[in-house]
Amino acid sequence: MRALLGVVIVLAGLSACSAAKQEPATADLQWAETSRPVDARLAERYERSCAVCHARNGSGAPLAGFAPHWKPRLDKGINQLVQHASDGFNAMPAMGQCNDCSAGDLRALTLFMARSGT
Ligand code: HEC
């Protein structure tokens, strides 16, 4: 009985650990809420499209700037991500609901959210 209890406690500890790794901290949430691309034209596009989903945790979209959400996606290659942003991907709408975004804009906005550029 005591051994069983030990197993339960270890399992509870493990799941708490992995949850903590995936959950954004307050600083991550603040970064996502307040950060915008430096370029004013991109910032405006970001504000009215991507930010609606990507700046809010729990929307199902990878949180802007939060590496644990972006790292596994970046492993697919940036071109694949930009292609998905353009074509749509599951609940991600085609063009991210930014119909006047060019392919270059989608790439820059993706890099901004993944914090690997701009
Ligand atoms: C209506 C909500 C919504 C908007 C607006 C939105 N996204 Fe997304 N986005 C999502 C969701 C949800 C996912 C996760 C899809 C999945 O992995 O199933 C996602 C995923 C992505 C991905 C990762 C795709 C992959 O292959 O893993 C990229 C890149 C992306 N969005 C870029 C953008 C850009 C750039 C904009 C603005 C131009 C934008 N999104 C606007 C909801 C949105």
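1. The ligand sits in the largest pocket. Keep in mind that this is a predicted model. As for secondary structure, helix H4 (50-54), helix H5 (67-74), helix H6 (78-87) and helix H7 (103-114) are the elements that each give two or more residues to the shell around the ligand. The top contributor is H7, with four residues.

2. On the shell itself: 26 residues surround the ligand, and the closest are Cys50, Cys53, His54, His84 and Met92. By residue class, the shell splits into 16 nonpolar, eight polar and two charged residues.

3. Now the metal. Which protein atoms are the donors of the iron atom of the ligand? They are NE2 of His54 and SD of Met92, lying 2.0 Å from the iron.

4. Why call the iron site octahedral? There are six donor atoms around the iron atom, and the angles they subtend run from 87 to 179°, which makes the arrangement octahedral. For six donors, that label asks for opposite donors over 155 degrees apart and all others between 65 and 115.

5. Arg73 has a polar side-chain atom 2.7 Å from a ligand oxygen. For Asn90, the distance from a polar side-chain atom to an oxygen of the ligand is 2.8 Å. With Lys76, an N or O atom of the side chain is 2.9 Å from a ligand oxygen.

How values were computed: Residues are numbered from 1 along each chain as its sequence is written. This is a predicted model: local features need pLDDT of at least 70, side-chain atom pairs count only at pLDDT 80 or more; totals for chains, interfaces and linings use all residues. Side-chain values use heavy atoms; hydrogens and water are left out. A residue is near a molecule or strand if one of its heavy atoms lies within 4 Å of it. A polar contact is a pair of N or O atoms within 3.5 Å; within protein, one must be able to donate a hydrogen and the other to accept it, and residues adjacent in sequence count only if both atoms are side-chain atoms. On a 1 Å grid over the protein atoms alone, a cavity is a set of points where a 1.4 Å probe fits but cannot get out, and a pocket is an open set with protein on both sides within 12 Å along at least five of seven lines; lining residues have an atom within 4 Å of a point. A molecule sits in a cavity or pocket if more than half of its atoms lie within 2 Å of its grid points. Ala, Val, Leu, Ile, Met, Phe, Trp, Tyr, Cys and Pro count as nonpolar, Asp, Glu, Lys and Arg as charged, and the others, Gly among them, as polar. Donors are N, O and S atoms within 2.8 Å of the metal (3.2 Å for Na, K and Ca); water is not among the atoms, so sites may look incomplete. Four donors count as tetrahedral if all angles lie between 85 and 135 degrees; four count as square planar and six as octahedral if opposite donors are over 155 degrees apart and all others between 65 and 115; anything else is irregular.
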